[in-house]
Amino acid sequence: MIKLIAVDMDGTFLRDDKSYDEEKFTRIYQKLEKKDIKFTIASGNQYYQIATFFKDFPNVIYVAENGALVRTKEKILALHAFSEETVKKIEDFLLKQSELQFLVSGAESAYFPVQFTDDYYEISTKYYYRLKKIHEFNEIDDKVLKFSISCPDKKTNYYVDLLKKNLGRYCNVTSSGHGEIDLILPEIHKAHGLAELGQVLGISLSDMTAFGDGGNDLEMIKEVGDGVAMSNADPAVLKVADHTTTSNNEQGVLTYIENNIL
């Protein structure tokens, strides 16, 4: 029996224009609440960004930053951060790569080194609603959860390989393509975050449904009881899913919940 639903945001729950059918979701959410089925967002994005989509739904739970931060509106349930020594090693290596721009993502805010471009800052503000400009990395007084890197689109695979080769012992290197690369803690991913949340709530992974479309959804799609891929998902996600639903633009998550869980 499904006791918890976990959904990725971009390419999954949200349409391409970053909207969702709020009326339909409100009806579904109220039914889920009556059945005591938890609704959880599992995203690579910052908590402060994804929470803005659910201001009217205070009981939504968040597995943010690819599983490094698990929290409700009121409190943090689990948090995994890089050691200060590892942060320094990663920063030093990234600064030597002249084509790379990057952000440091912490529990309280993300941090933008001022030497990078204004265009990159503008793009970053769309995904990081708490974003502070810094001149020096020692200004960061926060737990570092993730590094988000921007590289030339056509060189994404080159930089993924370079970063794996040089930093692979300190972090996992993941990419959704298109010049975006994340450095995350080893063994920390959305499935790990859901397992930790499950321990708090007394819900096993086998009693969860998860929806996703991209590479950072693979673990949770594989490990939950019912892994659902969007029709627009990467082939690797479609391959491991138990079921598929219609695309994000067709609001496939809501359709599946209505037809198969409620």
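Which residues in H3 meet which residues in H5?

Guide: Lys89, Ile90, Phe93 and Leu94 in H3 meet Leu162, Leu163, Asn166 and Leu167 in H5. Contact here means heavy atoms within 4.5 Å. This is a predicted model: local features need pLDDT of at least 70, side-chain atom pairs count only at pLDDT 80 or more, and totals for chains, interfaces and linings use all residues. Residues are numbered from 1 along each chain as its sequence is written, and side-chain values use heavy atoms, with hydrogens and water left out.

Helix H3 covers residues 84-95 and helix H5 covers residues 156-167. Helices (H or I, at least four residues) and strands (E, at least two) are DSSP runs, numbered from the N terminus. The axes of H3 and H5 come within 11 Å and cross at roughly 140°. Axes are lines fitted to C-alpha atoms, for helices over the stretch in contact, and angles run from 0 to 180 degrees between N-to-C directions. The crossing of H3 past H5 is right-handed; the term applies if the near helix is turned clockwise from the far one by less than a right angle, and anticlockwise makes it left-handed.

Leu94 leads on to the core. The largest nonpolar core has 72 residues, and Leu94 is among the members that touch the most others, as are Ile5, Phe39 and Phe54. Such a core is a set of buried Ala, Val, Leu, Ile, Met, Phe, Trp, Tyr and Cys residues joined through side-chain atoms within 4.5 Å. Buried means under 20% relative accessible area, exposed over 50%, partly exposed in between (1.4 Å probe, protein chains only). Leaving out residues up to four places away in sequence, Phe54 touches Met9, Phe13, Tyr20, Phe25, Phe39, Ile41, Val60 and Tyr62. A second, separate core of 16 residues includes Ile61, Ala78, Leu205 and Ala210.

Now the sheet. Eight strands form an open sheet with mixed pairing, in the order E5-E4-E3-E2-E1-E12-E13-E14. Two strands pair if DSSP finds at least two bridges between them. E5 (76-79) and E14 (243-245) stand at the edges with a single partner strand each, so one side of each has no neighbour in the sheet. On average, neighbouring strands are turned by 20° against each other, direction ignored.

E4 (residues 69-71) pairs with E5 in the antiparallel sense over three bridges. There, Val70 stands opposite Ala78 in E5. Helix H6 (residues 190-201) packs on the sheet, and E4 and E5 are among the strands it touches. The direction of H6 makes about 145° with that of E3.

E1 and E2 run parallel, joined by four bridges. Ile5 stands opposite Phe39 in E2. Four of the five residues of E2 are buried, so E2 is largely enclosed by the rest of the structure.

Gln49 lies in H2 (residues 47-50). Gln49 is buried, at a relative accessible area of 5%. Beyond four places in sequence, Gln49 touches Lys126, Tyr127 and Tyr129. Ser124 sits in H4 (residues 118-125). Ser124 also counts as buried, at 5% relative accessibility. Leaving aside neighbours within four places in sequence, Ser124 is in contact with Leu103, Phe112 and Leu131.
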